[in-house]
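Q: Please take a close look at the ligand site in this model. Which contacts and which parts of the chain make up its surroundings?

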Amino acid sequence: MANRRGRRISFRAAIFIAFFLCGLIPVLAAGRVLVNSYEEKLIESRNIELMSEAQVLANTLGSGMLLEDGKGGLPNDEIDRAAGIYNCRILVIDRSFRVIRDTLGLDEGKIVVSESAISCFNGTAFHEISEEGLLRIAIPVNGRETGSVIGCVFIRADLGSLQAITASMRTRYWLVGVISGVAVALAAFVLSTVFSSPLRRLIRQIGAKDKKETGTAFSMKGYSETDRIASMLNEIDRNARTEEDDRRQFVSNVSHELKTPIAAIRVLTDSLLEQEDVPNEVYRDFIQDISYEVERESAIIEDLLSMVRLENSSSMLNAERTDMNEFLETLLKRLNPLAVKAGVELIFESFRQVSAEIDQVKLSQALSNIIENGIKYNSPGGFVRVTLNADHRFAYITIADNGIGIPEEAQKHIFERFFRAEQSRSREFGGTGLGLSISQGIVFLHNGDIKFESEEGEGTTFTIRIPLIYIP
Ligand code: ADP
């Protein structure tokens with residue numbers, strides 16, 4: 001984990017790098033382009049100057065100063081001046097390829113038969129810049145009278161020396177680069193700190209929450225995204241609190257429910273023990289009450305266990321294709337003795353043959369709870385009617401009774417754990433308040449739905465909808 005975290009770059013560093021590169025690259029690139037194009041322009045203009053200078057010299061020589069018989073005087077001053085100004089070497093050859101002037105004085109009198117000289121005597125000027133920056137120009141000198149080529153002017157210049165001029169510019173370029181690098185780095189640091197501060201604040205808040213240092217909500221006045229993160233975190237926090245409250249409430253309810261019958265048993269046994277020569281009937285009465293409380297305690301434990309089992313196996317529904325008509329008939333047959341005992345008629349009506357994918361054990365527990373309630377919260381002579389119907393997607397089971405009904409104010413709570421409409425009323429019926437919560441959990445596990453309608457004194461109808469095909 002530490003390793004993986006180590007390899008990750010922080011948001012702040014990412015912003016810093018982005019700003020730094022975005023700020024520095026254009027400055028460096030612009031500087032480089034400027035220096036290079038200045039250098040190119042310098043070489044180009046020197047090239048043009050030398051070309052025109054060579055042309056001027058060739059014209060001067062052709063216009064009579066270099067006589068066509070090759071004996072005329074040379075414009076030496078002009079040649080030396082041009083060589084001095086442009087820091088170049090100028091050579092003049094006559095029609096017999098002899099060097100009659102070399103500003104360096106090295107080749108005078110020598111015969112030069114070069115590619116450029118031949119090109120010149122063919123009437124074509126020669127121009128070349130070598131890779132090392134050596135410029136070579138050869139311009140033919142045309143005789144004024146004959147018009148034929150009577151000589152040739154060579155100019156050789158080292159353009160590389162021009163780079164010395166741009167060298168100082170390059171030094172300044174690097175200096176500007178370093179200064180802008182430092183300035184851009186500073187700006188990038190400030191900006192990355194400012195831009196990443198909402199995230200860092202959020203991390204601090206989460207850290208404080210984690211250590212339970214603060215009970216306040218997350219607040220993020222930064223970006224719309226961090227605002228959303230904060231409100232989502234608040235939602236998660238709220239849900240966690242509600243879950244924690246529910247859990248606490250449940251634990252306190254369980255201990256209360258488990259303690260109540262035991263407290264009652266203790267009161268009953270204590271009062272029996274305190275009395276001497278208790279008549280037999282009183283004994284029987286007390287023992288009956290104790291037996292009732294024991295039954296109640298074991299009913300609570302049983303319901304709690306099935307609830308825990310349900311939660312533990314919530315993802316494991318053992319769904320199999322089931323003939324629902326047969327399934328319900330068997331279930332009602334099993335519950336019939338209870339109904340007979342309570343003097344309640346148990347009726348089954350099926351509108352069609354229905355086959356659905358259900359977990360038979362779990363769904364029979366869910367339906368038993370509801371049917372048993374219909375019998376329990378009823379009076380002799382009453383009925384519980386179970387119907388089965390289906391459409392192309394769902395099976396519908398209704399369980400209707402004409403019992404005591406559920407008071408309106410209690411209706412929204414009846415699926416809550418340990419809820420009983422009226423404590424006294426339920427006590428009389430021996431309920432634990434867990435049955436409907438378990439039934440609802442099982443129906444939801446089948447991806448189904450459960451609803452009810454009830455009127456006090458009239459009766460209650462539960463409608464359960466289960467998909468015919470179970471999709472986990
Ligand atoms: P209990 O074990 O108390 O029956 P349930 O969770 O099954 O617990 O039901 C919750 C409460 O809803 C019951 O205590 C009862 O007051 C009310 N109730 C449930 N079903 C019916 C019904 N068919 N008729 C009247 N009241 C009902």
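A: Start with the backbone: a polar backbone atom of Ala421 lies 3.0 Å from an oxygen atom of the ligand. That is a polar contact, meaning a pair of N or O atoms within 3.5 Å. The protein buries 98% of the 530 Å² that the ligand exposes when taken alone; these areas use the Shrake-Rupley method with a 1.4 Å probe.

The model is predicted: local features need pLDDT of at least 70, side-chain atom pairs count only at pLDDT 80 or more, and totals for chains, interfaces and linings use all residues. Residues are numbered from 1 along each chain as its sequence is written, and side-chain values use heavy atoms, with hydrogens and water left out.

Side chains reach the ligand too. In Asn373, an N or O atom of the side chain is 2.8 Å from a ligand oxygen atom. For Lys376, a polar side-chain atom is 3.3 Å from an oxygen atom of the ligand.

Now the shell. The ligand is surrounded by 20 residues, counted when a heavy atom lies within 4 Å. Asn373, Tyr377, Ala421, Thr432 and Leu436 are the closest. By class, the shell holds seven nonpolar, nine polar and four charged residues. Here Asp, Glu, Lys and Arg count as charged; Ala, Val, Leu, Ile, Met, Phe, Trp, Tyr, Cys and Pro as nonpolar; the others, Gly among them, as polar.

Helix 9 (360-376), helix 11 (423-429) and helix 12 (435-445) each give two or more residues to this shell. Helix 9 gives the most, with three residues. Helices are DSSP runs (H or I, at least four residues), numbered from the N terminus.

Conventions:
A polar contact is a pair of N or O atoms within 3.5 Å; within protein, one must be able to donate a hydrogen and the other to accept it, and residues adjacent in sequence count only if both atoms are side-chain atoms.
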